[in-house]
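Trainee: I would like to go through this model with you, starting from one residue and ending with the whole chain. Please show it first.

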Amino acid sequence: MVMKVMRAFTGSGAAPGQVRLTSIGFSHYVEKVRWALDVAGIDYVEDPHAPGMHVPFADAVTSGRSSMTPIVSWPDGHYTHDSTAVLLELDDVYGLGWYDPDQTGDAAVTDAIVQLEDYFDDMLGGPSRSFVYAYLLAETELMREVCNNVDDDCDRVVDEGFTHR
């Protein structure tokens, strides 16, 4: 299984030097990064994975430092994970003004934006995900539909993993 996953990882579809987004396809954190990349006009290839099946891919991208998504792999070889960190990097590198005190009017406002993002990520994002998964994982057919061929092994995982309670 690990070799199959690693072979699949090397065939991600991203050309050398192209931005790659490693994701759980239906994650709200990933959607935040997709939006930011689109707004910034950055061409990227997305490698979406089913929940749980994303871990070996995330580990491979980060050399085992993180199993969380989203992860953006940049053309120079470095990566950024965490949606807020990606937005901060995009703002810094591309001068988008999202977190620029000159654009927000005040450094305190910029700090408040980051604090609010962190608060909503921690206090709303995680609990929302837990709430959805609590219901989704109990419904095998719904889970299969949500995964919807995101991962070749998704059917096996749904059949073997989520049905044994």
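Trainee: Which residues does serine 83 touch, not counting residues up to four places away in sequence?

Mentor: This is a predicted model, in which local features need pLDDT of at least 70, side-chain atom pairs count only at pLDDT 80 or more, and totals for chains, interfaces and linings use all residues. Residues are numbered from 1 along each chain as its sequence is written, and side-chain values use heavy atoms, with hydrogens and water left out. Contact means heavy atoms within 4.5 Å. By that rule, serine 83 touches Tyr29, Lys32, Val33, Pro70 and Asp121.

Trainee: Is serine 83 buried or exposed?

Mentor: Buried means under 20% relative accessible area, exposed over 50%, and partly exposed in between, with a 1.4 Å probe and protein chains only. Serine 83 has 1% relative accessibility, so the residue counts as buried.

Trainee: Which side chain does that of serine 83 join in a polar contact?

Mentor: A polar contact is a pair of N or O atoms within 3.5 Å; within protein, one must be able to donate a hydrogen and the other to accept it, and residues adjacent in sequence count only if both atoms are side-chain atoms. The contact here is 3.3 Å, and the partner is lysine 32.

Trainee: In what order do the four strands form the open sheet?

Mentor: Strands (E, at least two residues) and helices (H or I, at least four) are DSSP runs, numbered from the N terminus. Two strands pair if DSSP finds at least two bridges between them. The pairing is mixed, and the order is E2-E1-E3-E4.

Trainee: Why is one side of strand E2 and of strand E4 left without a neighbour in the sheet?

Mentor: E2 (44–49) and E4 (79–81) stand at the edges of the sheet. One side of each is left without a neighbour there because each has a single partner strand.

Trainee: Which strands does helix H2 lie across?

Mentor: Axes are lines fitted to C-alpha atoms, for helices over the stretch in contact, and angles run from 0 to 180 degrees between N-to-C directions. H2 (residues 28–40) runs at about 155° to E1. The strands that H2 lies across are E1, E2 and E3.

Trainee: Which strands does helix H4 touch?

Mentor: H4 covers residues 83–94 and packs on the sheet; serine 83 is found in this helix. The direction of H4 makes about 130° with that of E4. The strands touched are E3 and E4.

Trainee: How many helices and strands does the protein chain come to?

Mentor: From the N terminus on, the elements run α-β-α-β-α-β-β-α-α-α-α-α. The count is eight helices and four strands.
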